[in-house]
Amino acid sequence: MDKLIKSNRIKGILCIIASACGFAVMSAFIKMAGDLPSFQKTFFRNLVAALLALYLIIKHKGSLVGKKENRKVLVLRSIFGTIGIVCNYYAVDRLVLSDANMLNKLSPFLVVIFCALFLKEKINLKQITMVTVAFIGALFIIKPSFDVQVIPYLVGVMGAVFAALAYTCVRVLGNKEDYYTIVFFFSTFSLIVILPVFLAVYKPMTLMQLVYLLLAGVSASVGQFGITLAYKYAPAKEISIYDYSGIICSAVLGIVFFNESPDIISIFGYLVVFAAAFDMFLYNKKLDKQDNQRKNIL
């Protein structure tokens with residue numbers, strides 16, 4: 001049993017790192033796609049994820065709508081997730097990009113809090129401290145100016161809140177539903193809700209813009225599948241801190257594709273995030289060792 005818990009934690013960490021990098025690559029492709037309506041970009045992101053999830057459902061003979069007893073949580077996850085996406089894109093369109101990204105990075109911090117409040121997952125001072133340190137590291141990297149009007153700022157905060165609530169619902173579902181069913185349900189729900197606005201604001205695209213959006217959808221699918229699996233495998237307090245690895249991935253992509261070199265303050269932030277993640281990793285190993293020693297004594 002102990003080996004299974006430890007194995008699931010490692011899987012959860014790997015999945016959330018893959019998710020963070022997937023969303024970072026998605027952002028790069030979204031940026032390459034140029035000046036297109038945010039709802040148009042969102043639609044393609046969800047369309048690709050829905051098709052990939054549908055393929056997995058057909059392959060594994062899974063469920064399209066989930067078990068009856070889980071549908072309420074699936075609907076809540078989809079509502080929260082859709083509102084989170086819309087709020088995030090609204091903020092990106094109207095705020096300084098660094099401010100919008102910082103607000104988005106509130107979500108892993110909030111997931112730990114929500115899981116402690118609603119799911120009664122125990123969280124101690126050490127874990128709170130490490131998540132806080134990682135968040136401070138993110139602030140050094142992003143350097144928000146907050147020179148914005150109050151409404152877009154509040155909408156950006158609400159986007160992070162709803163995203164965190166969505167991931168908390170994923171944690172509630174745990175192993176009760178297949179990961180591809182959760183992703184399909186959410187992606188399809190979002191497509192249906194967004195479709196009228198997508199049709200209203202649709203803007204003709206070049207072939208390369210379409211390719212970039214499809215690639216953004218594939219990358220977003222990696223992010224979506226990764227985050228869904230991550231919170232199925234392990235509690236948020238143990239793995240959410242690794243979501244900040246996406247900041248490092250974004251920095252590398254910025255250097256390679258957009259000639260955006262990080263400054264000294266950003267590099268310091270990277271080191272802070274890495275230090276917090278590494279300390280959390282060592283702390284979890286220590287907890288595993290202490291639990292094993294207690295059980296051996298008993």
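## Cavity, helices and contacts in a predicted model

By class, three nonpolar, three polar and one charged residues form the lining of the largest cavity. In this classification, Ala, Val, Leu, Ile, Met, Phe, Trp, Tyr, Cys and Pro are nonpolar, Asp, Glu, Lys and Arg are charged, and the others, Gly among them, are polar.

The model is predicted, and local features need pLDDT of at least 70, side-chain atom pairs count only at pLDDT 80 or more, and totals for chains, interfaces and linings use all residues. Residues are numbered from 1 along each chain as its sequence is written, and side-chain values use heavy atoms, with hydrogens and water left out.

### The chain as a whole

The secondary structure of the chain consists of 12 helices and zero strands. Helices (H or I, at least four residues) and strands (E, at least two) are DSSP runs, numbered from the N terminus. Of the 298 residues in the chain, 49% are buried. Here buried means under 20% relative accessible area, exposed means over 50%, and partly exposed lies in between, with a 1.4 Å probe and protein chains only.

### The cavity

Rolling a probe the size of a water molecule over the atoms shows where empty space is left. The structure holds one cavity of 30 Å³ or more, and about 30 Å³ of space lies in the largest cavity. A cavity is a set of points, on a 1 Å grid over the protein atoms alone, where a 1.4 Å probe fits but cannot get out; lining residues have an atom within 4 Å of a point. Grid points are joined across faces, edges and corners, and a volume is the space filled by probe spheres set on the points.

Which residues line the largest cavity? They are Arg45, Asn46, Ala49, Phe186, Ser187, Ala220 and Gln224. At least two residues of this lining come from each of α2 (38-60), α8 (179-201) and α9 (207-233). The most is given by α2, which supplies three residues.

### Helices α2 and α8

Two of the helices that line the cavity, α2 and α8, have axes that come within 8 Å and cross at roughly 150 degrees. Axes are lines fitted to C-alpha atoms, for helices over the stretch in contact, and angles run from 0 to 180 degrees between N-to-C directions. The contact of α2 with α8 has 21 nonpolar, eight polar and no charged residues.

The 23 residues of α2 reach 33 Å from the first C-alpha to the last, close to the 33 Å expected at 1.5 Å a residue. The expected span of a helix is 1.5 Å times one less than its number of residues. Lysine 61 follows α2 and is placed in the loop between α2 and α3 (71-94). Most residues other than glycine have a negative phi. Lysine 61 has a positive phi of about 55 degrees although it is not a glycine. With a relative accessible area of 79%, lysine 61 is exposed.

### Helix α11

Helix α11 (residues 245-258) has 14 residues, which should span 20 Å at 1.5 Å a residue; its end C-alpha atoms are 19 Å apart, which agrees. Within α11, the residues Ser245, Gly246, Ile247, Ile248, Cys249, Ala251, Leu253 and Gly254 are buried. Asparagine 259 follows α11 and has a positive phi, near 55 degrees.

The table lists pairs by their separation along the chain and by the distance between their C-alpha atoms.

| Pair | Separation in sequence | C-alpha to C-alpha distance |
|---|---|---|
| Alanine 160 and cysteine 87 | 73 residues | 8.3 Å |
| Valine 201 and leucine 36 | 165 residues | 9.3 Å |
| Phenylalanine 140 and glycine 269 | 129 residues | 4.9 Å |
| Leucine 52 and valine 183 | 131 residues | 9.2 Å |

Is alanine 160 buried or exposed? Alanine 160 lies in helix α7 (residues 150-173), and it counts as buried because its relative accessibility is 1%. Valine 201 belongs to helix α8 and counts as partly exposed at 34% relative accessibility. Phenylalanine 140, in helix α6 (residues 125-142), counts as partly exposed at 32%. Leucine 52 lies in helix α2 and counts as partly exposed at 35% relative accessibility.

How values were computed. On a 1 Å grid over the protein atoms alone, a cavity is a set of points where a 1.4 Å probe fits but cannot get out, and a pocket is an open set with protein on both sides within 12 Å along at least five of seven lines; lining residues have an atom within 4 Å of a point.
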